[in-house]
Amino acid sequence: MVAIHYSALNHAGREIRLLTVRSGSTKDRIDCSLTHVSLTNHPTYSALSYVWGNPEERAPITVEGAVVLVTKKLWIALRSLRSGTEDLIIWVDAVCINQTDVPERNEQVAMMGDIYASATSVLIWIGEADDTSDVAFDLMPGIMNRAVDLRAHSEAGSFYFGLSGRPWFNRELALATNDPIVICGSQRVCWTTFVGAWQVVAKELFTEMGQVRYLGHQADTDNVKVLAKIKFDLLEDLRRHVRGMGGGSLGQLLIFSRTSEASQAEDRIYALLAMLRKDDLASIAIDYRKPVAVIYAEAMAHIFSTGDGPDFLSGMWLSDPGCQISDLPSWVPDFSSQAAEKATVPSSVAFHPPYPRTVSGPGADAANGVVHPDMKTLEIRALHVDIVQGVLLFDQSKDGCMRQLPEVAAMAARAIERELSVGEEQRPLYENYRRSEPLWRTLVSDKRRGSG
């Protein structure tokens with residue numbers, strides 16, 4: 001096996017490489033060539049969005065006469081997308097970017113938004129066909145138009161819920177100018193139909209589960225809002241947000257994509273930058289030479305600089321002491337482990353008070369927190385309230401908790417009468433606060449039972 005010989009791109013001329021996949025049968029070797037084009041000339045091409053997959057599982061393709069090993073998932077996608085009669089001209093990041101040339105990667109990833117937006121079509125490859133996918137794809141147009149009885153076709157619901165087991169999260173569809181094409185095996189459908197059919201399925205299923213809110217007086221599935229959301233609901237929200245508002249904040253994009261995976265930890269940040277608001281984009285420079293800890297810290301520094309730091313952190317999984325990313329500051333989340341199945345520590349959401357909040361730390365709109373230039377130190381302004389003198393551990397049973405109420409009352413009484421260690425100016429404020437109802441909520445951490 002030999003490496004591809006890449007000739008340098010003219011970044012000033014907005015050049016990219018395109019991969020031409022020559023026509024052939026499924027049994028033929030995948031034979032390809034690379035060409036340089038400038039986005040300013042509006043070339044015709046498709047852009048592929050897919051999951052790289054396990055880097056250890058590889059298969060051969062031929063590029064410019066050289067046999068190159070690509071990930072098995074990319075090999076399967078190219079084999080399925082290849083036409084038997086016409087060449088396929090496509091942009092694929094793993095091949096069209098020289099992954100060993102860090103300056104080129106920096107430049108090309110910075111152009112990612114333009115690459116996907118300029119593509120004639122964006123192809124969303126979600127994997128090979130399974131037992132339900134072919135039937136589900138055939139049904140989608142009818143489901144969207146409510147011409148299919150879902151009770152007689154369980155395949156659609158099974159397919160959509162089965163997608164959670166597929167390692168796909170295609171942020172690139174948010175960048176597509178035209179309606180992206182979703183492909184599974186040999187079947188394809190436009191994103192609008194794909195997500196539109198799901199919304200019909202979701203209303204039916206979640207209404208039965210009671211996970212909807214009725215918007216009017218009549219209880220029917222045409223008049224409900226689904227409260228539960230899964231992966232492609234977030235993708236649709238992301239697409240609408242980016243296309244309708246010209247981009248989102250980094251905090252919003254990280255929350256939208258919190259369950260996504262990336263073959264490289266750096267891309268949990270860098271792959272989102274193409275969807276960032278233009279005003280914010282200049283403040284984050286792409287540089288794959290930096291340690292991951294620094295990249296994540298810079299991302300958090302940016303979020304704090306916009307005033308969203310405390311509220312954003314309150315929705316992230318807490319840092320894991322056994323985190324594999326070396327030198328990650330304690331206040332910086334590991335963005336590669338923000339899914340429940342990966343986390344080994346509680347989500348910070350578990351420590352939120354129930355709605356409506358009467359006591360909630362700094363508040364959702366608190367512009368608080370400054371990251372020092374060393375990218376290791378976070379400085380937070382805080383008000384000294386008190387020192388915890390005692391903790392009461394509640395019984396696990398309801399009856400046991402009821403028996404402990406006198407202890408709670410006694411603890412509250414002692415707290416009210418304790419001497420305040422504050423100055424005379426602050427004393428009236430503290431006296432007023434500690435004799436009010438929020439004191440009780442503070443004593444019990446404002447929690448529902450079992451919330452953490």
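Biologist: In this predicted model, is Arg240 buried or exposed?

Modeller: The class follows from the relative accessible area, and a residue counts as exposed when that value is over 50%. Arg240 has a relative accessible area of 55%. Because 55% lies over the cut-off, Arg240 is exposed.

Biologist: Is Glu236 buried or exposed?

Modeller: A residue counts as buried when its relative accessible area is under 20%. For Glu236 the value is 10%. Because 10% lies under the cut-off, Glu236 is buried.

Biologist: How many residues apart in sequence are the parts that the pair of Arg79 and Glu128 ties together?

Modeller: The side chains of Arg79 and Glu128 meet in a salt bridge of 3.7 Å, N to O. Arg79 lies in helix H1 (residues 72-81), whereas Glu128 lies in the loop between E7 and helix H5 (133-144). The pair therefore ties together parts whose separation in sequence, in residues, is 49.

Biologist: What is the N to O distance in the salt bridge of Asp31 and Arg22?

Modeller: Asp31 is partly exposed, with a relative accessible area of 29%. Arg22 also counts as partly exposed, at 32% relative accessibility. Their side chains meet in a salt bridge, and the N to O distance is 3.2 Å.

Biologist: How many salt bridges does a search of the whole structure find?

Modeller: Over the whole structure, the number of salt bridges found is eight.

Biologist: Which strand pairs with E8 in the antiparallel sense?

Modeller: Strand E7 (residues 121-125) pairs with strand E8 (residues 181-184) in the parallel sense over three bridges. On the antiparallel side of the question, E8 has a partner covering residues 187-190, joined over four bridges. Val182 has Val189 as its bridge partner there. E8 forms a hairpin with this strand, with two residues between them, and the strand is E9.

Biologist: Is Thr71 buried or exposed?

Modeller: Thr71 is found in strand E5, residues 66-71. Among the residues that Thr71 touches are Trp52, Pro55 and Arg58. At 7% relative accessibility, Thr71 counts as buried.

Note on methods:
Residues are numbered from 1 along each chain as its sequence is written. This is a predicted model: local features need pLDDT of at least 70, side-chain atom pairs count only at pLDDT 80 or more; totals for chains, interfaces and linings use all residues. Side-chain values use heavy atoms; hydrogens and water are left out. Buried means under 20% relative accessible area, exposed over 50%, partly exposed in between (1.4 Å probe, protein chains only). Contact means heavy atoms within 4.5 Å. Two strands pair if DSSP finds at least two bridges between them. A salt bridge is a side-chain nitrogen of Lys or Arg within 4 Å of a carboxyl oxygen of Asp or Glu. Lists of a residue's contacts leave out its neighbours within four places in sequence.
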